[in-house]
Amino acid sequence: MFLRNAEPWMDGSTLGEHLEESGVSRRSFLEFCTEMAVILGLGSAAAPSVAKALEAQKRPTVIWLEMQECTGCVESVLRTEAPTIGDLVLDVVSLDYSETLMAAAGHAVEKAKADSMAKNKGGYVLIVTGSVPTKEDGIYCMVAGRTIREHLEEAAEGAAAIIALGACAHWGSVQAARPNPTGAVGVRDIIKNKPIINIAGCPPIGDVVTASVVHFLTFGRLPSTDREGRPLFAYGNRIHDDCPRRAHYDAGQYVENFDDDAARRGWCLYQMGCKGPATYSPCPIVQWNNRTSWPIGAGHPCIGCTEPYFWDTMTPFYRRLPEVGGFGVEERVDTIGASLAIGAAAGVLTHAGMTVLHQIRRRKSMKQVPEHEHPATEESHNG
């Protein structure tokens with residue numbers, strides 16, 4: 001695949017020419033395009049079209065800003081399956097600025113960023129990780145003597161599109177949790193006049209980032225999104241619907257203690273606080289670390305990190321979700337089993353309907369009150 005090598009990218013050359021000079025085989029390139037087409041929901045038949053569009057690409061410019069964050073998103077993105085996003089970033093795009101990845105520092109890199117933005121105005125992609133502090137005029141995150149908000153607004157002005165990467169860049173994440181001392185907000189709360197896509201998660205899955213970049217390079221636009229700005233190809237389904245433990249939920253088979261026999265059998269983690277019924281994410285399908293595993297696969301409940309303001313709305317993480325209907329919510333396991341024996345199909349339909357209603361109510365309430373303006377409540381903050 002896109003193995004990093006010493007071959008420099010020649011000015012004016014296309015991706016296809018660069019790959020050929022680097023010794024990447026046509027078969028490997030098509031395998032990559034097929035994988036991306038499948039992740040994007042286009043199907044393997046679209047792979048030739050993706051390949052044709054990608055190989056004609058000339059090196060696009062990327063500016064990557066890192067604000068209030070832990071750098072976990074950067075780590076996750078750099079460790080995607082081969083071809084890695086690191087290869088993609090370093091070989092397919094021109095990464096002209098990134099606080100974590102660049103070796104240089106100081107005035108030189110700030111000048112390089114300014115020069116790149118001026119040269120590529122209107123054409124570069126802006127990647128943003130981290131939240132934006134707004135209290136005290138934004139002094140809680142400063143770079144080169146200026147607030148990070150100033151850097152964001154300046155970089156966004158000339159960007160063709162913005163990729164907000166990770167929960168912090170969407171809704172402020174843990175920095176915006178009550179009482180939100182820095183007034184942290186996401187990119188969409190600051191930038192209103194540019195196309196923005198939110199690749200959700202804490203951290204997000206690197207392969208979803210790769211696929212989103214490939215979509216932009218292939219079609220010249222960002223993928224379609226849901227109302228939260230998340231790409232539909234990745235966040236169109238609930239974890240609950242794709243979970244390999246779903247059959248145990250439907251059968252009323254629950255883990256009730258992390259070291260009980262049900263846990264060892266791989267039964268449903270709903271009773272342990274799993275937020276899968278209220279969380280939209282491709283985790284069960286794409287997974288992490290070369291598709292090695294994912295939280296539920298490792299025996300831990302989903303914490304709902306791809307959902308808005310999850311540090312407030314999904315905590316306490318080990319308490320069962322309220323208001324999620326269906327069998328097993330208010331009944332003991334043995335009762336559930338008896339009920340399912342009478343009408344499992346009706347239970348599944350009821351569960352799905354109640355869950356949708358729960359989602360609609362919760363999302364509407366969050367839309368009405370921005371996180372940084374939420375009043376503090378002991379129950380939601382402390383569980």
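1. A salt bridge is taken here as a side-chain nitrogen of Lys or Arg within 4 Å of a carboxyl oxygen of Asp or Glu, and by this rule the count comes to 13 salt bridges. One of them links Glu153 with Arg149, with the closest N and O atoms 3.2 Å apart. Both residues belong to helix H7 (residues 148–157), where Glu153 and Arg149 are four residues apart, about one turn of the helix. Helices (H or I, at least four residues) and strands (E, at least two) are DSSP runs, numbered from the N terminus.

2. The model is predicted, so that local features need pLDDT of at least 70 and side-chain atom pairs count only at pLDDT 80 or more, while totals for chains, interfaces and linings use all residues. Residues are numbered from 1 along each chain as its sequence is written, and side-chain values use heavy atoms, with hydrogens and water left out.

3. Helix H2 (residues 26–39) packs on helix H9 (residues 206–219) at an angle of about 100°, with the axes 10 Å apart; axes are lines fitted to C-alpha atoms, for helices over the stretch in contact, and angles run from 0 to 180 degrees between N-to-C directions. H2 and H9 are therefore roughly perpendicular to each other, a term that covers angles of 65 to 115 degrees. Phe32, Met36 and Ile39 of H2 make the contact (heavy atoms within 4.5 Å) with Asp207, Thr210, Ala211 and Val214 of H9. These contact residues of H2 and H9 divide into five nonpolar, one polar and one charged, where Ala, Val, Leu, Ile, Met, Phe, Trp, Tyr, Cys and Pro count as nonpolar, Asp, Glu, Lys and Arg as charged, and the others, Gly among them, as polar.

4. Helix H3 (residues 47–55) also packs against H9, at an angle of about 75° and with the axes 8 Å apart, which makes H3 roughly perpendicular to H9. Here Val50, Ala53 and Leu54 in H3 meet Val214, Leu217 and Thr218 in H9, and by class the contact of H3 with H9 has five nonpolar, one polar and no charged residues.

5. Some backbone details deserve a look, given that most residues other than glycine have a negative phi, and most peptide bonds are trans. A cis peptide bond joins Arg178 and Pro179, with omega about 10°, and Pro179 sits in the loop between helix H8 (167–171) and strand E7 (196–199). Another cis peptide bond joins Thr315 and Pro316, with omega about -5°. Thr71, in the loop between strand E1 (61–66) and helix H4 (72–78), has a positive phi near 70°.

Terms used: Parallel < 35°, antiparallel > 145°, perpendicular 65-115°, else oblique.
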